[in-house]
Amino acid sequence: MYISLFFTNFLCTKCISPPPLVPALYIFGDSIFDSGNNNLLPTLAKANYPPYGHEFPGGIPTGRFTNGKTVVDFIADYLGLPYPPPRIASLSTLLRSKSYMGYNYASGSCGILIETGKFIGECLNLDEQMVMFEETVKKLSRSKFKTSTELSQHMAKSIFIFSVGNNDYINTYFGILNTRLQYNPQQFAQLLTKKLSLKLKKLYDLGARKIVVFELVLLKSLTSTLQDSHFIIGKAHGLGYDAVINPTKYGLSDSSNSCCDSWINGTLSCKPGRTPCSNPDEHYFWDGYHPTQATYSVIASHCINGSDVCVPMNIQQLVQVLNSFACMES
């Protein structure tokens, strides 16, 4: 009797878990979100070596440009989803996957413009990321969903997150390509937002309805023109700036020095195999560009249930909208 109850309880606690809050999470962008796509590309922009991943589960470098989890990893944890795998590394497993809970298309050093990031090797610009997502949709329609309605519902209830445009400024406008000789700041911003707007509309045409975009501000007009869509802006730069100025407010103590031993006096990527600082959770920066897991955790928590990063609604409220929609359908 006791043994029977023991195994019953064991099965209940180990095998039954609450369903995820949304069907899938699809990620687009640059090294802020890249989870390993650049590992298989011929580029200098890689993070698949120690000490990257020092605090990631298992302590292994995955290709994430930080010491542990990224913002989207924390959001996936909240949603009850597995971390969206890098799409390039998942090509061989796509059709064998049982759950189709999302993919990560983000690629370090790339951006909205085709030329961004190419001076240090290959990367997936936003055009290429969108093509790969369209291929994913086609595969899903053939192998996973029986009807177009089922596919549409999957896409409409999933969440799409972007962080893109930083490298277009760092590497293209102010960097080696020196695009500021062709555009003034306002013209360049308009160029990026126009191109990003077209990609987001394309995503909408493919079925996406719940989209979070970190920083670039064209979302209000899209929400008003694309029926049943919810576009959310993630104001991470404002929070990040405040954390640099007032680090103790966020549980940090060092907001200027990188935790890992980085090239060019701490301004670039981590040197391979070097021992990082002993207190990464107190540092804002992991390497010369990218924040630590601790910083990403702060940004993610504010986006999930705060009111100062993700507006006009946070992730928690977005999920409530989805649940309300599901109730109306039933």
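This is a predicted model: local features need pLDDT of at least 70, side-chain atom pairs count only at pLDDT 80 or more; totals for chains, interfaces and linings use all residues.
Let me start with one link: cysteine 260 and cysteine 270 are joined with -95 degrees about the S-S bond, which is a left-handed disulfide. Their sulfur atoms sit 2.0 Å apart. Cysteine 260 is in the loop between E5 and H9, and cysteine 270 is in the loop between H9 and E6.

How many disulfides does the structure hold? Four. Number the bonded cysteines of the protein chain in sequence order, and the pairing reads 1-2, 3-6, 4-5, 7-8.

Next, cysteine 259 and cysteine 277. These two form a disulfide, with sulfur atoms 1.9 Å apart. Is this disulfide left-handed or right-handed? The torsion about its S-S bond is about -100 degrees, so the link of cysteine 259 and cysteine 277 is left-handed. Now place the two ends. Cysteine 259 lies in the loop between strand E5 (254-258) and helix H9 (263-266). Cysteine 277 lies in the loop between H9 and strand E6 (283-285). The pair therefore ties together parts that are 18 residues apart in sequence. Cysteine 259 has a relative accessible area of 6%, so it counts as buried.

Now to another part of the chain. Cysteine 110 and cysteine 123 are joined by a disulfide, S to S 2.0 Å. This one is right-handed, with 75 degrees about the S-S bond. Both cysteine 110 and cysteine 123 belong to the loop between helix H2 (71-79) and helix H3 (126-143). They are 13 residues apart. Why does cysteine 110 count as buried? Because its relative accessibility is 0%, and buried means under 20%. Cysteine 123 is buried too, at 2%.

Asparagine 125 lies between H2 and H3. It is buried, with a relative accessible area of 3%. Which residues does asparagine 125 touch, leaving out those up to four places away in sequence? They are Cys110, Gly111, Leu113, Ile114 and Lys118.

At 2% relative accessibility, glycine 111 is buried. Along the sequence, glycine 111 and asparagine 125 are 14 residues apart. In space, their C-alpha atoms are 5.3 Å apart. Beyond residues up to four places away, glycine 111 touches Thr116, Asn125, Leu126, Val164 and Asp168.

Last topic: helices. Two packed helices are described by the angle between their axes and the distance between the axes. Here, the axes of H2 and helix H10 (residues 293-305) come within 8 Å. They cross at roughly 50 degrees. That makes H2 oblique to H10. The crossing of H2 past H10 is right-handed. Who makes the contact? From H2, look at Val71, Phe74, Ile75 and Tyr78. From H10, look at Gln293, Tyr296, Ser297, Ile299, Ala300 and Ile304. By class, the contact of H2 with H10 has eight nonpolar residues, two polar and no charged ones.

To recap: four disulfides, a loop between H2 and H3 that holds cysteine 110 and cysteine 123, and H2 oblique to H10. Thanks.

Definitions and conventions: Residues are numbered from 1 along each chain as its sequence is written. Side-chain values use heavy atoms; hydrogens and water are left out. A disulfide is a pair of cysteine sulfur atoms within 2.5 Å. Helices (H or I, at least four residues) and strands (E, at least two) are DSSP runs, numbered from the N terminus. Buried means under 20% relative accessible area, exposed over 50%, partly exposed in between (1.4 Å probe, protein chains only). Axes are lines fitted to C-alpha atoms, for helices over the stretch in contact, and angles run from 0 to 180 degrees between N-to-C directions. Angles under 35 degrees count as roughly parallel, over 145 as roughly antiparallel, 65 to 115 as roughly perpendicular and the rest as oblique. A crossing is left-handed if the near helix is turned anticlockwise from the far one by less than a right angle, and right-handed if clockwise. Contact means heavy atoms within 4.5 Å. Ala, Val, Leu, Ile, Met, Phe, Trp, Tyr, Cys and Pro count as nonpolar, Asp, Glu, Lys and Arg as charged, and the others, Gly among them, as polar.
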